[in-house]
Amino acid sequence: MIESKDFKDSIDLKPFFLSLWQSKVFILLITFVFAIFSVLFALSLKDEYTATMVVEEVVSQEASSVVPSGLGTFAAFAGISVPGGSSKDKKTFAVEILKTRDFFEKLTNEDDEFLNLLIAVDNYDLISNTITYDESIYDPIAKKVRTSYLETKTFDEIHSIFLNSISVAELETGSVELSVTHYSPHIAKSWLDDIFLKLNQDVKQIEYLQAKKSLDFLNNELSTTTEVELKKVIAALIEKQIQTIMMSEITENFVFSVIDSSRLPDEKSYPHRSMICITITIFGFLFACFLVILRSFFKEE
């Protein structure tokens with residue numbers, strides 16, 4: 001019987017397993033070192049807490065209103081979005097505003113502590129509910145971030161820290177989950193509530209000013225045009241802008257309404273210390289095995 005070439009060229013793994021068994025003390029030692037390191041590393045990580053809120057887009061009356069045909073062209077000329085058009089919905093618009101540098105700058109300007117709590121916190125004690133600051137970043141006398149530190153950072157770098165602390169996820173139902181993460185669960189919840197409120201206010205203000213400008217333009221066009229069909233189109237657009245102005249004046253939740261309100265986080269969201277320790281220890285074991293097999297391979301060569 002002719003022995004196949006593949007069988008003759010096959011690798012005998014027995015010597016490698018024998019090498020692993022003979023080097024078991026070395027493998028256990030390396031694994032133990034990695035395990036100790038994993039524990040120290042996991043303990044060095046600060047606890048972070050995430051506050052969440054589920055919201056849904058407020059559907060205004062204008063979204064279901066019937067408008068005459070031919071409205072889209074004139075509305076686009078007037079800078080007005082119409083239901084079913086290509087313009088962004090309020091939900092998408094609000095999420096984009098949340099991530100802008102202008103929105104972040106407004107948060108820092110309106111709250112003197114915001115920047116301190118964002119970049120200068122060194123530790124948080126859950127039992128005493130106290131925050132300690134990194135004094136290489138924070139000036140305890142002036143009670144603000146040191147100018148020398150800010151000079152080493154660009155505005156975009158600080159803004160990216162803010163973006164890493166927030167999260168926006170669209171759920172399968174169409175609702176939106178807003179999340180804020182911080183070392184302090186109280187600050188995480190407070191920031192989330194504040195962001196929700198300011199986001200509604202900002203979009204409401206933008207939509208209100210746009211509707212006012214559009215309304216002035218449309219009233220002027222209505223007074224000058226003589227064509228009956230065009231008057232109908234303009235009248236429908238005027239009604240839409242009046243609805244927008246009315247909604248902005250009578251409601252606080254202009255963009256989002258709350259489905260599930262924010263609550264104080266009971267448990268930390270990060271780090272998962274047990275998982276970190278297990279992962280690093282397994283990596284140490286595999287790394288030690290790799291070194292033994294590598295050494296055995298070169299001996300064979």
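Okay, start with Val-54: this residue stands opposite Glu-177 in S7. Strands here, like helices, are DSSP runs numbered from the N terminus, with at least two residues (E) for a strand and at least four (H or I) for a helix. Before I go on, this is a predicted model, so to speak of a local feature we need pLDDT of at least 70, side-chain atom pairs count only at pLDDT 80 or more, and totals for chains, interfaces and linings use all residues. Residues are numbered from 1 along each chain as its sequence is written, and side-chain values use heavy atoms, with hydrogens and water left out.

Back to the sheet. Strand S1 covers residues 49-57 and pairs with S7 in the antiparallel sense, over 7 bridges. When I say two strands pair, I mean DSSP finds at least two bridges between them. Ala-51 has its bridge partner in S7 too, namely Val-180.

S1 also pairs with S8, again in the antiparallel sense, this time over 4 bridges. You can find Val-55 bridged to Val-258 in S8, and Glu-57 standing opposite Phe-256 of that strand.

Now, S7 pairs with strand S6, residues 166-170, antiparallel over 5 bridges. Glu-170 has Val-176 of S7 as its bridge partner. Those two strands make a hairpin with 5 residues between them, and in it Gly-174 takes a positive phi near 100 degrees.

So which order do the strands take in the sheet? The sheet is open, with 4 strands running S6-S7-S1-S8 and antiparallel pairing. S6 and S8, the latter being residues 256-260, are the edge strands, each pairing on one side only. From one strand to the next, the twist averages 35 degrees (axes are lines fitted to C-alpha atoms, for helices over the stretch in contact, with angles from 0 to 180 degrees between N-to-C directions).

Is S7 mostly covered or mostly open? Mostly covered: of the 7 residues in 176-182, 5 are buried. Buried means under 20% relative accessible area, exposed means over 50%, and partly exposed is in between, with a 1.4 Å probe and protein chains only.

A cavity, on a 1 Å grid over the protein atoms alone, is a set of points where a 1.4 Å probe fits but cannot get out, and lining residues have an atom within 4 Å of a point.

S6, S7 and helix H10 (185-224) each supply at least two. Among the lining residues are Leu-98, Ile-166, Leu-178 and Leu-192. The lining divides into 6 nonpolar, 2 polar and no charged residues (Ala, Val, Leu, Ile, Met, Phe, Trp, Tyr, Cys and Pro count as nonpolar, Asp, Glu, Lys and Arg as charged, the others, Gly among them, as polar).

Arg-263 sits in the loop between S8 and helix H12, residues 273-300. Arg-263 counts as exposed because its relative accessibility is 53%. Arg-263 and Thr-50 are 213 residues apart in sequence, and their C-alpha atoms are 9.7 Å apart in space.

Key. 1 Å grid on protein atoms, 1.4 Å probe; cavity = no way out; pocket = protein on both sides within 12 Å on 5 of 7 lines; lining within 4 Å.
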